[in-house]
Amino acid sequence: MSANLKYVSLGILVFQTTSLVLTMRYSRTLKEEGPRYLSSTAVVVAELLKIMACILLVYKDSKCSLRALNRVLHDEILNKPMETLKLAIPSGIYTLQNNLLYVALSNLDAATYQWPSDSQLDSKELSAGSQFVGLMAVLTACFSSGFAGVYFEKILKETKQSVWIRNIQLGFFGSIFGLMGVYIYDGELVSKNGFFQGYNRLTWIVVVLQALGGLVIAAVIKYADNILKGFATSLSIILSTLISYFWLQDFVPTRVSLCCQAGVLWRGLGLLQPPTPWFKGFSCLSL
């Protein structure tokens with residue numbers, strides 16, 4: 001059963017990551033009348049949806065009893081404040097990462113977001129400055145994601161708490177950090193045009209996909225590990241590129257991009273090899 005969950009969650013993660021990159025990029029570059037939706041509010045809404053979904057899953061695990069649900073939430077969250085506080089660190093990092101991904105996809109085409117390439121966009125539409133901002137956002141998100149993934153896996157596998165309870169704790173802090181970001185960076189715009197300014201069907205698809213990603217990543221880390229999560233992400237990069245080239249036709253492959261693609265695939269396959277004995281002594285990822 002655990003092996004089945006591992007591969008099912010990995011497959012869903014590949015689909016979710018690919019879909020999120022493409023739809024998020026399209027939603028951030030789509031030209032419509034009125035203000036564009038605020039990425040900071042989208043991050044908060046995704047966290048709230050994730051909390052609601054996890055509460056429903058805990059409710060189901062509690063045999064659909066409200067009394068049992070209330071007892072579980074009280075015992076596992078309120079009565080264990082130190083365990084709950086442990087999730088503040090990865091939650092803050094994930095919130096930063098989610099905001100950075102919006103910044104990256106607002107300044108880069110979908111292919112460049114995955115790795116460096118020649119863009120089809122005219123230099124007037126995509127300046128060197130915006131490319132630099134986008135690439136820096138991607139790099140920061142990558143480094144922060146790696147640390148948060150290892151930390152979160154360590155927490156999940158060292159305790160017996162449900163992965164859904166851990167996600168509720170993660171979403172709670174994520175919502176707080178996200179609301180702080182809304183107030184600091186977009187407070188004036190929210191006061192002027194509202195919290196849900198610029199939201200449409202596509203925006204809600206992006207938000208739901210992002211919330212789903214939080215659930216799937218937690219399941220992958222719980223039933224597989226952070227290394228296989230990286231492998232699934234590598235596959236989604238390749239899939240995104242194929243879709244961009246053959247279907248969306250917004251990406252022209254170059255030597256650099258092909259070399260990077262080969263490097264990503266090689267790295268992903270290399271991650272599946274068992275670590276050496278001396279490495280296992282230093283890695284919290286070995287099972």
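Here are some questions and answers about how the helices and a few residues of this predicted model get their labels.

Q: What makes up the secondary structure of the protein chain?
A: It comes to twelve helices and zero strands. Read from the N terminus on, the elements run α-α-α-α-α-α-α-α-α-α-α-α. Of the 287 residues in the chain, 47% are buried.

Q: How do you know that the length of helix H3 agrees with its number of residues?
A: H3 takes in residues 66-78, which is 13 residues. At 1.5 Å a residue they should span 18 Å, and the end C-alpha atoms are 17 Å apart, so the two agree.

Q: How does H2 do on that check of span?
A: H2 has 23 residues, so at 1.5 Å a residue you'd expect 33 Å. Its end C-alpha atoms are 33 Å apart, which agrees.

Q: Which residues of H3 are buried, and why can we say they sit on the same side?
A: They are Ala68, Leu69 and Ile77. They cover an arc of only 125 degrees around the axis, so they end up on the same side of H3. The face turned away from that buried side carries Arg67, Asn70 and Leu78, which are exposed.

Q: What do the buried residues of H3 pack against?
A: Their partners are helix H2 (39-61), helix H4 (81-85) and helix H8 (163-193).

Q: How do we describe two packed helices?
A: By the angle between their axes and the distance between the axes. For H2 and H3, the axes come within 9 Å and cross at roughly 115 degrees, and the crossing is right-handed.

Q: What makes the contact of H2 with H3 nonpolar, polar or charged?
A: On the H2 side you have Ile55, Val58 and Tyr59, and they meet Leu66, Leu69 and Val72 in H3. Sorted by class, that gives six nonpolar residues, no polar ones and no charged ones.

Q: And how do H3 and H8 cross?
A: Their axes come within 11 Å and cross at roughly 65 degrees. H3 passes H8 in a right-handed crossing. Val72, Leu73, Glu76 and Ile77 of H3 make the contact with Ile165, Ile168 and Gln169 of H8. By class, this contact has five nonpolar, one polar and one charged residues.

Q: Why is Lys63 called exposed?
A: The label exposed needs a relative accessible area over 50%. Lys63 has 77%, so it is exposed. You'll find Lys63 in the loop between H2 and H3.

Q: Why is Cys64 called partly exposed?
A: Partly exposed runs between the 20% cut-off for buried and the 50% cut-off for exposed. Cys64 has a relative accessible area of 48%, so it counts as partly exposed. Cys64 is also found in the loop between H2 and H3, and its phi is near 55 degrees, a positive value in a residue other than glycine.

Q: Where is Phe147, and why does it count as partly exposed?
A: Phe147 is in helix H7 (residues 128-158). Its relative accessibility is 47%, so it counts as partly exposed.

Q: Which residues is Phe147 in contact with, leaving aside its neighbours within four places in sequence?
A: Those are Ile89 and Ile93. As for Tyr94, it is 53 residues from Phe147 along the chain, and their C-alpha atoms are separated by 9.9 Å.

Conventions. Residues are numbered from 1 along each chain as its sequence is written. This is a predicted model: local features need pLDDT of at least 70, side-chain atom pairs count only at pLDDT 80 or more; totals for chains, interfaces and linings use all residues. Side-chain values use heavy atoms; hydrogens and water are left out. Helices (H or I, at least four residues) and strands (E, at least two) are DSSP runs, numbered from the N terminus. The expected span of a helix is 1.5 Å times one less than its number of residues. Buried means under 20% relative accessible area, exposed over 50%, partly exposed in between (1.4 Å probe, protein chains only). The arc is that of the directions from the helix axis to the C-beta atoms. Contact means heavy atoms within 4.5 Å. Axes are lines fitted to C-alpha atoms, for helices over the stretch in contact, and angles run from 0 to 180 degrees between N-to-C directions. A crossing is left-handed if the near helix is turned anticlockwise from the far one by less than a right angle, and right-handed if clockwise. Ala, Val, Leu, Ile, Met, Phe, Trp, Tyr, Cys and Pro count as nonpolar, Asp, Glu, Lys and Arg as charged, and the others, Gly among them, as polar.
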